[in-house]
Amino acid sequence: MCDLMPASQPAEKIGKMKKLRRTLSESFRSIAFKKEDSGFDEICVTKMSTRSCQGTDSVIKPLDTIPEDKKVRVQRTQSGFDPFEKPTSQVKRVHSENNACINAKSSSAGKESPKLRRHSSPSSPTSPKFGKADSYEKLEKLGEGSYATVYKGKSKVNGKLVALKVIRLQEEEGTPFTAIREASLLKGLKHANIVLLHDIIHTKETLTLVFEYVHTDLCQYMDKHPGGLHPDNVKLFLYQLLRGLSYIHQRYILHRDLKPQNLLISDTGELKLADFGLARAKSVPSHTYSNEVVTLWYRPPDVLLGSTDYSTCLDMWGVGCIFIEMIQGVAAFPGMKDIQDQLERIFLVLGTPSEDTWPGVNSLPHFKPDRFTVYSAKKLRQAWNKLGYVDHAEELASRFLQCFPKNRLSAQAALNHEYFSNLPPRLWELQDMSSIFTVPNVKLQTESGDSIQVCARRNSHGKASSGSKH
């Protein structure tokens, strides 16, 4: 089950937060690279998080195993939902004549291995190199917002397609804090079900995050296949989503903005968590913890009611909503008016909470019993009939969609649910960077009798563009 994190003492953390912001901004001057087999550089940002870049994750325990007296509640200032929306909390940019992304020479002992030499950037001064703005060719614009523009691009070093998230820097305001946070978190996340950050380019005018290019997202995929996805495909997408979430939750990271638009789908069917602009490392203290974090339809009732004391349970509610939407073909709780309307839709199915069903609900800032109609809980298949057609789907969905946060199933526990019992056992033995499609007989089924298609060229950081078939 998900555990909530007890309240901390924000007043004691203000000094640490100021120091953190200073080191985050300064760290863009000290980014080092080491080569990966793919030919792209693995980014290692020094002083970018509470863990060192080289530190192993073996010392990090899953949230559920942390002693109660050691847990820290993370807080932050309010931020909007649009990944392109300029955040209210920003960090002053440290000016430097050099780019923040510097190609570091190999410092490892002994001779450079043949593999590293094979993937090294060309030595010629005129050859394109990683970490340089002219190393990437912009092909087309995918989207534009108030502080960032996203392009489909191509690497001149190895010819691979990339997504270029170009963040405009302003002299007075500096580097947006969300951009620093996204880079600092993603640089340490290496998983098949998490979008890969290839490169960072920092100039006086812009900060560019270079991501792997993924053709479409789950929202566009479901639009292409209305009425609900093939049950086998739902299972594979959900398994990959839980696999990625389990990975980040064990590393003290909450995504905080789970929705179909932020789940990329490759042309081979790989699902990748993307858009970590609102993600949060739970071990990093901040001033306040916003309840304005998840798009309304996928926001849990505790956050809608004003709770700021949450943990991995926040993401697991979103998983339940996405699971229902993939099966049924419509959003689980599509609120049309405001937070009140959103809560009414939730309570209509799950029942209006009380102290008996949800201990502590009366103490939440926005819960006033006389404001809500009293509903009794229903079977989920009464609201979404297709749940009844798939073995164990209704029971699993009900474990995610719990109003009381502590009752929600964790990502790791969900991976072992009976719903997945007919998948090949080898899936549970895969390494982090291995795709589930490397396991024999694991593949997407055709949807609605048609070949599987990628419906739009879209990246999580921008708008959809022209469609294409694959």
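Here is a short walk through some of the salt bridges in this structure. The model is predicted, so local features need pLDDT of at least 70 and side-chain atom pairs count only at pLDDT 80 or more, while totals for chains, interfaces and linings use all residues. Residues are numbered from 1 along each chain as its sequence is written, and side-chain values use heavy atoms, with hydrogens and water left out.

A salt bridge here is a side-chain nitrogen of Lys or Arg within 4 Å of a carboxyl oxygen of Asp or Glu. By that rule, the count is seven salt bridges. Let's visit some of them.

Start with Lys141 and Glu144, whose side chains form a salt bridge at 3.0 Å, N to O. For accessibility, buried means under 20% relative accessible area, exposed means over 50%, and partly exposed lies in between (1.4 Å probe, protein chains only). Lys141 is partly exposed at 44%, and Glu144 is partly exposed at 46%.

Next, look at Lys259 and Asp257, paired in a salt bridge at 4.0 Å, N to O. Lys259 is buried, with a relative accessible area of 11%, and Asp257 is buried at 2%.

Finally, turn to Arg345 and Asp341, whose salt bridge spans 3.4 Å, N to O. Both sit in helix α8 (residues 339–350), and because they are four residues apart there, about one helical turn separates them. Helices are DSSP runs (H or I, at least four residues), numbered from the N terminus. In this pair, Arg345 is partly exposed at 29% relative accessible area, whereas Asp341 is buried at 15%.

Conventions. Helices (H or I, at least four residues) and strands (E, at least two) are DSSP runs, numbered from the N terminus.
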